[in-house]
Amino acid sequence: MTLVSLKDRYSIRNVTQEDSSTAAVSFHEAFKWLRPFYSESCSFLEIQYVKEALLCGQEHEVQVEYILDRSKLGPGANHVDFYFFVISRGRIVFNGQKQVPVGQDETLKGHSSLTLPISIDLAPSSHLLVYAIFEDGEVAADMETFTIQKCFRIRCH
């Protein structure tokens, strides 16, 4: 896999001072590695990012948007299977499969949702991997990391 690096240098000038000729200037640098995206069929999945911490003891509905090439599903297919894994602390906490009905359009666009039960097993963070495998072996996938609110297991003696 080819990685692409992105580097930027920028300056910030403090213009709140009365005499702008003596304004403080600070120089910064930012760097990011990017992985190029490629899909032979132009199909993709995208898990919607959630920035707030998910609450323990509740269910959270995660939205997955998709664009799929119908020809990759096979003739007469009326659904696509989305498979998912939730990984926390290096182990698979749970997994599942969801059948998503599809129409007969050449390009299929839409969204589906997965319900995640948020528990102490997912804390402090977890990764959700969602993928679909096409007839020819191509895979469309996405992964997102979720922060979980601090949870505590209560033990009574």
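Student: Is Glu138 buried or exposed?

Tutor: Keep in mind throughout that this is a predicted model. The relative accessible area of Glu138 is 14%, and the cut-off for a buried residue is under 20%. Because 14% falls under that cut-off, Glu138 counts as buried.

Student: With which residue does Glu138 form a salt bridge, and which parts of the chain does the pair tie together?

Tutor: Glu138 lies in the loop between β8 and β9, while its partner lies in the loop between β4 and β5, so the pair ties together parts that are 66 residues apart in sequence. The closest N and O atoms of this salt bridge are 3.8 Å apart, and the limit that applies is within 4 Å. The partner of Glu138 is Lys72.

Student: How many salt bridges does the structure hold, and which residues do shared partners join into one network?

Tutor: The structure holds four salt bridges, one of which runs from Lys7 to Glu29, with the closest N and O atoms 3.8 Å apart. Lys7 lies in strand β1 (residues 4–13) and Glu29 in strand β2 (residues 25–34), so this pair ties together parts that are 22 residues apart in sequence. Lys7 is partly exposed at 49% relative accessibility, and Glu29 is partly exposed at 48%. Salt bridges that share partners join into one network Lys7, Arg9 and Glu29.

Student: Turning to the aromatic rings, how is the pair of Phe85 and Tyr131 arranged?

Tutor: A pair of aromatic rings is described by the distance of the centres and the angle of the planes. For Phe85 and Tyr131 the centres are 6.2 Å apart with 10° between the planes, and planes under 30 degrees apart give the class asked for. The pair of Phe85 and Tyr131 is therefore stacked.

Student: Which parts of the chain does that pair link, and which residues make up the ring cluster?

Tutor: Phe85 sits in strand β5 (residues 79–88) and Tyr131 in strand β8 (residues 125–133), 46 residues apart, and the pair links these distant parts of the chain. Phe85 is partly exposed at 22% relative accessibility, whereas Tyr131 is buried at 17%. The structure has three aromatic pairs, and ring pairs link into a cluster Tyr83, Phe85 and Tyr131.

Student: Which strands stand at the edges of the four-stranded open sheet?

Tutor: The sheet has the order β6-β5-β8-β9 with antiparallel pairing, and the twist averages 20° from one strand to the next. Each edge strand has a single partner strand, so one side of each is left without a neighbour in the sheet. The edge strands are β6 (91–101) and β9 (139–147).

Student: How many bridges join β8 to β9, and what is the bridge partner of Leu128?

Tutor: Strands β8 and β9 run antiparallel and are joined by nine bridges. The bridge partner of Leu128 is found in β9, and that partner is Glu144.

Key:
Residues are numbered from 1 along each chain as its sequence is written. This is a predicted model: local features need pLDDT of at least 70, side-chain atom pairs count only at pLDDT 80 or more; totals for chains, interfaces and linings use all residues. Side-chain values use heavy atoms; hydrogens and water are left out. Rings of Phe, Tyr and Trp (its six-membered ring) pair if their centres lie within 6.5 Å; planes under 30 degrees apart count as stacked, over 60 as edge-to-face and the rest as tilted. Helices (H or I, at least four residues) and strands (E, at least two) are DSSP runs, numbered from the N terminus. Buried means under 20% relative accessible area, exposed over 50%, partly exposed in between (1.4 Å probe, protein chains only). Two strands pair if DSSP finds at least two bridges between them. Axes are lines fitted to C-alpha atoms, for helices over the stretch in contact, and angles run from 0 to 180 degrees between N-to-C directions. A salt bridge is a side-chain nitrogen of Lys or Arg within 4 Å of a carboxyl oxygen of Asp or Glu.
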